[in-house]
Amino acid sequence: MIPPIKNFNWDKNVSQMFGVNKGTYFPRFNIPGHNGLDIYVLPDSYGVEVLATHDGIINTLQFDDPTRKSGNGILMQGYDENGNYVQTLYWHLSRFNVQLGQQVKAGEVIGYIGNTGFVMPSPSPSCPHCGAHLHFGVSRIKIVPPGTWNTEFVKTDYGSFCDPTPFLFKEGNKLPIRFFRDLFIGREGDDVSWLQTVLKIEFPDVPFEPIGIFGNQTRIAVQRLQRKYGINPVFGYVGTKTRSYLNSKYSN
């Protein structure tokens with residue numbers, strides 16, 4: 001996939017990663033954390049062009065309601081360059097640049113960043129562009145014959161959403177994360193979600209999405225990482241040496 005905005009930079013344009021801020025999202029939406037990437041552009045995100053991240057068809061246009069709870073959003077289905085059959089979501093838009101059923105190519109402008117729906121801080125007469133950002137989400141669709149359209153999604157802890165980061169990450173990219181403490185079974189927090197994101201980049205077959213809880217599957221994946229890069233001991237414990245490696249590879 002290509003990024004959904006021009007001149008995308010992980011450190012400068014991502015305000016919220018996947019799987020973080022459980023305290024905000026669990027009470028409100030009953031999910032373990034944030035279910036997408038929040039993308040912004042300084043000094044003002046409002047009206048910035050939103051790009052299709054892959055070739056596909058526009059299968060849903062969601063319009064905001066008078067209570068501003070829904071937001072304007074686009075759902076698009078298609079195959080990415082690796083053959084994954086996906087649905088991508090582009091939310092909080094100010095307006096659309098496509099029609100329902102339209103075929104689009106990666107890089108085409110499909111809409112414009114806005115602040116419709118649930119955003120923080122909320123827009124007001126004195127700050128009409130407050131909260132403007134793009135919420136970008138990805139859902140995997142179960143494998144179907146090419147040329148057919150299906151909405152049977154691969155289920156995750158986030159309903160159907162999976163971490164978009166591995167889809168957009170390119171070798172050598174640096175993420176807006178940093179590991180300051182040791183991580184092991186029982187640890188919880190946003191840094192555990194960041195670790196799980198990195199593990200999904202390293203090993204696309206890991207059977208979890210970032211949920212901010214360090215369990216046995218995460219420990220096994222950390223052991224795979226330690227074996228892969230010769231980090232000893234191979235205990236699945238993220239100590240000083242493993243943290244140093246992760247920070248050098250993935251953090252600015």
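This is a predicted model: local features need pLDDT of at least 70, side-chain atom pairs count only at pLDDT 80 or more; totals for chains, interfaces and linings use all residues.
Local features were considered at pLDDT of at least 70 and side-chain atom pairs only at pLDDT 80 or more, whereas totals for chains, interfaces and linings use all residues. Residues are numbered from 1 along each chain as its sequence is written, and side-chain values use heavy atoms, with hydrogens and water left out.

Asp80 lies in the loop between strand 5 (73-79) and strand 6 (85-91), strands being DSSP runs of E of at least two residues, numbered from the N terminus. Asp80 is buried, a term that denotes under 20% relative accessible area, with exposed meaning over 50% and partly exposed in between (1.4 Å probe, protein chains only). No salt bridge is formed by Asp80, where a salt bridge requires a side-chain nitrogen of Lys or Arg within 4 Å of a carboxyl oxygen of Asp or Glu; the nearest side chain of opposite charge, that of Arg140, is 6.4 Å away. The side chain of Asp80 does, however, reach the backbone nitrogen of Asn84 at 2.8 Å. Beyond its neighbours within four places in sequence, Asp80 is in contact with Met1, His54 and Phe167, contact meaning heavy atoms within 4.5 Å.

The structure holds one disulfide, defined as a pair of cysteine sulfur atoms within 2.5 Å. This link joins Cys127 and Cys130, with their sulfur atoms 1.9 Å apart, and is right-handed, with 90° about the S-S bond. Cys127 is partly exposed at a relative accessible area of 27%, while Cys130 counts as buried at 18%. Cys162 is likewise buried, with a relative accessible area of 4%.

Terms used:
Helices (H or I, at least four residues) and strands (E, at least two) are DSSP runs, numbered from the N terminus. Lys and Arg count as positive and Asp and Glu as negative; His and the chain ends are not counted. A polar contact is a pair of N or O atoms within 3.5 Å; within protein, one must be able to donate a hydrogen and the other to accept it, and residues adjacent in sequence count only if both atoms are side-chain atoms.
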